[in-house]
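Biologist: Before we discuss any labels, could you show me the model, so that each term can be set against its definition?

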Amino acid sequence: QVQLVESGGGLVQAGGSLRLSCAASGSIFSIDTMGWYRQAPGKQRELVATMTKGGDTNYADAVKGRFTLSRDNAKNTVYLQMNILKPEDTAVYYCHLISMVGVVTYKYWGQGAQVTVSS
């Protein structure tokens, strides 16, 4: 089993910054993709940013230029640096990990970290 532990959420004023961390532990065979999704009240969960094992990143248009995803492979940890935060960034942010073992794909989610941006 794989556990994802998130940290770094909180309350910040518009224009401020926060950094989220997600550490993976447990029976990790390989980490193929790791990143963040978010879900605002009354909305569907949406992609924020992901990074493949090879280092390719994918960002949602809404966060490009403001958010930066980085990864420490030695620590099985990803970081989401969020700058110039806006009230519309308010959501629960979920860490996501995809592990492929042979032809089987495993997907894991963290418990969520609340990010609240006040105007």
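This is a predicted model: local features need pLDDT of at least 70, side-chain atom pairs count only at pLDDT 80 or more; totals for chains, interfaces and linings use all residues.

Biologist: What makes Trp109 count as partly exposed?

Modeller: Its relative accessibility is 38%, a value that belongs to the class between buried and exposed, so Trp109 is called partly exposed.

Biologist: Why is the pair of Tyr94 and Trp109 called edge-to-face?

Modeller: Rings of Phe, Tyr and Trp (its six-membered ring) pair if their centres lie within 6.5 Å, and planes under 30 degrees apart count as stacked, over 60 as edge-to-face and the rest as tilted. The centres of Tyr94 and Trp109 are 6.5 Å apart and their planes stand at 90 degrees, so the pair is edge-to-face. Tyr94 lies in strand S9 and Trp109 in strand S10, so this pair ties together parts that are 15 residues apart in sequence; strands, labelled E, of at least two residues and helices, labelled H or I, of at least four are DSSP runs, numbered from the N terminus.

Biologist: How many aromatic pairs does the structure hold, and what makes the pair of Tyr37 and Trp109 edge-to-face?

Modeller: There are two aromatic pairs. For Tyr37 and Trp109 the ring centres are 5.2 Å apart and the planes are at 75 degrees, so this pair is edge-to-face. It links distant parts of the chain, since Tyr37 is in strand S4 and Trp109 in strand S10 (residues 104-109), 72 residues apart.

Biologist: Which residue lies over the face of Tyr94?

Modeller: Arg45 does, at 3.7 Å from the ring centre, and Arg45 also lies over the face of Trp109, at 4.6 Å from that ring centre. The definition requires NZ of Lys or CZ of Arg within 6 Å of the ring centre and within 35 degrees of the ring normal.

Biologist: Why is strand S4 described as largely enclosed by the rest of the structure?

Modeller: Six of the seven residues of S4 (residues 33-39) are buried, so the strand is largely enclosed.

Biologist: How do you know that S4 and strand S5 pair, and in what sense?

Modeller: Two strands pair if DSSP finds at least two bridges between them, and S4 and S5 (residues 46-52) have six, in the antiparallel sense; Thr33, for example, has Thr52 in S5 as its bridge partner. The two strands form a hairpin with six residues between them, and Gly42 in the turn has a positive phi of about 75 degrees. Seven bridges also join S4 to S9 (residues 91-101), again antiparallel, with Gly35 opposite His96.

Biologist: Where is Val103 found, and what makes Val103 count as exposed?

Modeller: Val103 is in the loop between S9 and S10, and its relative accessibility is 84%, so Val103 counts as exposed.

Notes:
Residues are numbered from 1 along each chain as its sequence is written. Side-chain values use heavy atoms; hydrogens and water are left out. Buried means under 20% relative accessible area, exposed over 50%, partly exposed in between (1.4 Å probe, protein chains only).
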